[in-house]
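Work through the exercises below with the model open. Try each task before reading its solution.

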Amino acid sequence: MTFSSHPSAPRPVITVQGLLPYESLGITDAHNHLWIEPVPGADPSSPVLNQFHLILKELVEYRDKGGETILDCQPEGCGRDGNQLVALSKASKVNLIACTGFHRKKYYPQNHWLWGEGAQKICDFFCSELEQGLFETLKTPTPVKAGFIKIALESTWANCPHAALEGAASAAFKSKVLMEVHTEKGALAEKACIYFMDLGLLPNQLVLCHMDKRPDIGLHKELARLGILLEYDTFYRQKYNPSTNLWPLIEQMVNAGFSDRVALATDMAETELYHYIGGGAGLASLPGEIQDQLNKIGFPEPARKQMLGGNIARRLAGIN
Ligand SMILES: [Zn+2]
């Protein structure tokens, strides 16, 4: 493939309430979950997140602490409801960005259409959600478009849904949108990069999620050098020892000059992490405690701003 010698112009970011210039996104949580309907037939341990007033309260607090934007990582078929995202965004004044794509198989009923379709049909569906609107919003007066693609890898390549991966790659290639890739604790990170770049995706279209669960600094630097964005989110997951893994990883990446390759998030799919629902740190922890800690460590302001939103905003706009 050929690379254009001219950097592409920034695209507006597609939020559930319309278009915004990327410079206006402010503090942005790069990976979260704001609404998950129960999914009949899915794994009984699948998270459910549908208490509107409590979620709204968290969003208002997020906004009060200085947070402005959040990427919602729940795709169609596993509990997404774009109409609820619109209502939450309007009521809280937080910009929400919805996704198309697919999550792990266990979050769907076993006979979900995605797992039996070919790549072309899957690509067409993702493109329609990017261009026309999220499936569940099409019948409303103002359909909401997806602003990015989110997909999920399983822990081994053999278990990944290959037609869906190929369909997502084609949709990202055609539309040039950002693709967030859920990894199982960082597994298959290298494989996924090679796979998607071979299919024509640019490194700056790829975000590898949950990479701090595999805090191998050598690997992170290599991926950063390629131009991939790495998403970290175990701040409140004690089993991953954030004080010995995540925080030193952030420091090493910043010290190595890679603050432009890290995006921070709190990924509260597990509702115990929500403050008003589960007594956890809550959505407001990113602009709150986490930002305070970044200040306390003494990271330069540009690095903090990049990791707290600038990096993901530029990627959403299609620029480096
Ligand atoms: Zn997630």
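**Exercise 1.** With which side chain does the side chain of glutamate 129 make a polar contact at 2.6 Å, besides that of threonine 100?

The ground rules come first. The model is predicted: local features need pLDDT of at least 70, side-chain atom pairs count only at pLDDT 80 or more, and totals for chains, interfaces and linings use all residues. Residues are numbered from 1 along each chain as its sequence is written, and side-chain values use heavy atoms, with hydrogens and water left out.

*Solution.* 
- Step 1: Glutamate 129 sits in helix α3 (residues 119-131). Helices are DSSP runs of H or I with at least four residues, strands are runs of E with at least two, and both are numbered from the N terminus.
- Step 2: check burial. Buried means under 20% relative accessible area, exposed over 50%, and partly exposed in between, with a 1.4 Å probe and protein chains only. Glutamate 129 is buried because its relative accessibility is 0%.
- Step 3: find the partner. A polar contact is a pair of N or O atoms within 3.5 Å; within protein, one must be able to donate a hydrogen and the other to accept it, and residues adjacent in sequence count only if both atoms are side-chain atoms. The partner is the side chain of arginine 80, at 2.6 Å. The side chain of threonine 100 also makes a polar contact with that of glutamate 129, at 2.6 Å.
- Step 4: Contact means heavy atoms within 4.5 Å. Not counting residues up to four places away in sequence, glutamate 129 touches residues including Glu76, Lys145 and Ala146.

**Exercise 2.** Identify the protein donors of the zinc ion and their spacing in sequence.

*Solution.* 
- Step 1: apply the cut-off. Donors are N, O and S atoms within 2.8 Å of the metal (3.2 Å for Na, K and Ca); water is not among the atoms, so sites may look incomplete.
- Step 2: list them. His31 (NE2), His33 (NE2) and Asp267 (OD) lie 2.0 to 2.6 Å from the zinc ion.
- Step 3: write the spacing. The pattern is H-x1-H-x233-D.
- Step 4: Histidine 31 has a relative accessible area of 1%, so it is buried. Histidine 33 is buried too, at 2%.

**Exercise 3.** Trace the pairing around strand β4 (residues 67-72).

*Solution.* 
- Step 1: one partner. Two strands pair if DSSP finds at least two bridges between them. Strand β3 (residues 27-32) runs parallel to β4 over 4 bridges. Asparagine 32 stands opposite aspartate 72.
- Step 2: another partner. Strand β5 (residues 95-97) is parallel to β4 over 3 bridges. Isoleucine 70 has leucine 96 as its bridge partner.
- Step 3: cover. In β4, 5 of the 6 residues are buried.

**Exercise 4.** Lysine 93 and histidine 210 both have positive phi without being glycine. Which is buried and which is exposed?

*Solution.* 
- Step 1: lysine 93. Its phi is near 60°. The residue lies in the loop between α2 and β5. Lysine 93 is exposed, because its relative accessibility is 59%.
- Step 2: histidine 210. Its phi is about 65°. The residue lies in the loop between β9 (206-209) and α6 (217-226). Histidine 210 is buried, because its relative accessibility is 1%.
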